[in-house]
Amino acid sequence: MMDIILNTGSTVYQGAIIKGGNKFTEGYTREAGYCNINPEDFDALGKPWFVRVTNEYGDSVVVRAKKTNTQQKGEVFIPRGIWANVVVTPDTESTGSPKYKNLPVKIEKCEGPVMGPEELMRHYYVTGNKSADSYNSLKYLDKTTSQIGSH
Amino acid sequence: MISNVVKQDLVKEEQGVIKCTDVTCPVCGMSCDDCEIELTPTSVTTKNACLMGDAKFQELRSHHRLVYPVVNGERVSWEKALDTAADILVNAKRPFFFMGSETANEAMAVGIEMAEYLGGLVDGNATICHGPTVMAVQDAGQVGCTLGECRNRSDLAIYWGCNPADSHPRHMSRHSMYMRGFFTEQGYQARKMVVVDPRRSPTAAQADVHVQLKPGTDYEVLDALMTILNGFEPHPSVEEVTGVSPEQLHQVADMVKNCKFGVIWVGLGIASSTGKHHNASIAMRLTQMANKYSKFVILANRGHCNVAGFNQVLSWTAGFPFAVDYSRGYPRFQPGEYSCVDALKRGEVDALLCMCADLGGHLPKKAVEHLMDIPVISLEIAPGPQAFVSDVILPGVLDGMECEGTFYRMDNVPIYARSFTKPPFDFTESNEDTLKQLLKVVKEKKQKY
């Protein structure tokens, strides 16, 4: 397990997915569920296909590992999205803005796969912390919900 | 009245095909107003829109558009959905009103009115975006200008903690780098470009100088630059602390001194990093100091459509730019206490109305966990994390396409966004109309208590 700095941010491809309303598609996983890693760190991690990123609260998420020259040693990048936000901490230094950048995390090689968006939402927000039975109502939309044509 | 004049000139409908020019793009803070649309019953063709803008315009004919109201996962009538939403809000002790950015000022004004009427908290996308930069404007003051001035005058662009090649794809080609302006006829050949970013981003790859600082050391680098501009040498430890050599700092300082019109574009690399508003404050003070040598301005690359508009609307209604609490009947401003992430993290909010934003997708996990515990009402156009955490979904209307409105561009210039088509339902005309109908039901219920 390696201590590392996490930066998150937008990419134009991730932006096109979310602006097009395709957040519950495989495209969102492809464009936001990865982690850019410096070649030296990538080799030190054991040339992983997948990495687990864990924050100080113990929350962790699995994302695809990408070896890139765009990162400095000791720093990784995950695009803005639901994968990154599992580990982004809510401490705002009294500004309202959470730590989307310069966040100390731990990173390690792990087995995949990366959870899809709807699976991730269910895992972390329905079954992850509380049982599904504790919710009286059906709070979420099913992923097959496609209202056009059904009215 | 103005929309009728505009419609005659710019919107043409022939044989079921709508063609419209000068469409305002409702995606990022640039509000590009030169888009062209050709809309058929089955397809959307765009001109001048970027990848993100095109994706947004394709929503007009997408297969996943939410077109009827949903309560607890079940389809209901519009009246039932409004009634349920009003019940949730009226019965809440500390309701939260989140005014997202992908809608017009007119709708935000109604949302803020509802927050004031019910004594709730109100916040907008600025809180998770350039909120710290807005705090820095209060702290240090901003030397600003319009995007047009940057286009026509600037010969030095410093992108600090931002990556417009990804976040604002037309930024450099329309306003800051590659286009020719009135006093910048040579275009990019007469401009210099500095990027300050720990990553070798696509923007940094185009720069004359890439200052690759260590993450979280923006304040130190800005401070060292101010020291040099004041005629002193920075402390020798600056390279060890920031990863930037004194030689490179001097190179940037010389570019600042010798330019005719410089612009610092600040991004979330400053606002979201350690130091937050202090980083943005010192960047603004550096800008003020640079005016000793040349004309220099600082502008924030606002990321979401009308995120600047929320700051403007709340400022002229409450006197504060974001994070306002109306629980005592008058507005109080306290980022870190009344701001969205903090209020949700502490678990004090017991109902939330979210208009045109994806809190489920963009807030940290600890905040989203609380969203799952409380009733959430959303104005939403597509399935996704926000629909996932919502109890009541009121179908949203696409501002700037299906209804007209006003957006504030990233330089705080209001831009009129015209409509060229209608929503695919008839129970509401706009998000403003939806909130007005909801407010009416809320007032009826509140008066019964």
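Me: In what order do the 5 strands of the open sheet in chain B stand?
Reply: This is a predicted model, in which local features need pLDDT of at least 70 and side-chain atom pairs count only at pLDDT 80 or more, while totals for chains, interfaces and linings use all residues. Residues are numbered from 1 along each chain as its sequence is written, with chains lettered from A and ligands numbered from 1 in the order in which they are written. Strands are DSSP runs of E with at least two residues, helices are runs of H or I with at least four, and both are numbered from the N terminus; two strands pair if DSSP finds at least two bridges between them. The pairing in this sheet is parallel, and the order is β11-β10-β9-β12-β13.

Me: Which strands of chain B stand at the edges of the sheet?
Reply: An edge strand here has a single partner, so one side of it is left without a neighbour in the sheet. The strands in that position are β11 (209–211) and β13 (295–300) of chain B.

Me: Which residue in β13(B) does V266(B) stand opposite?
Reply: Strand β12 (residues 261–266) of chain B runs parallel to β13(B), joined to it by 6 bridges. In β13(B), the residue opposite V266(B) is A300(B).

Me: What angle does helix α13 of chain B make with β13(B)?
Reply: Helix α13 (residues 277–290) packs on the sheet and touches β9 (156–160), β12 and β13 of chain B. Contact means C-beta atoms, placed from the backbone, within 7 Å. Axes are lines fitted to C-alpha atoms, for helices over the stretch in contact, and angles run from 0 to 180 degrees between N-to-C directions. The angle with β13(B) is about 160 degrees.

Me: How many residues of domain 2 of chain B are in contact with domain 1 of chain B?
Reply: Bounds come from an automatic or database domain assignment, which gives domain 1 (2–61), domain 2 (70–129 + 306–448) and domain 3 (131–300) in chain B. The C-alpha centres of domain 1 and domain 2 of chain B lie 25 Å apart. Domain 1 of chain B puts 16 residues in contact, and the number from domain 2 of chain B is 17.

Me: Which helix gives the most to the side of chain A that touches chain B?
Reply: The contact involves 52 residues of chain A and 70 residues of chain B. Elements of chain A that each supply at least two residues are β1 (2–9), α1 (12–19), β5 (75–79), α4 (84–87) and α5 (117–127). With 4 residues, the one that gives the most is α1(A).

Key: Two residues are in contact if their C-beta atoms, placed from the backbone, lie within 7 Å.
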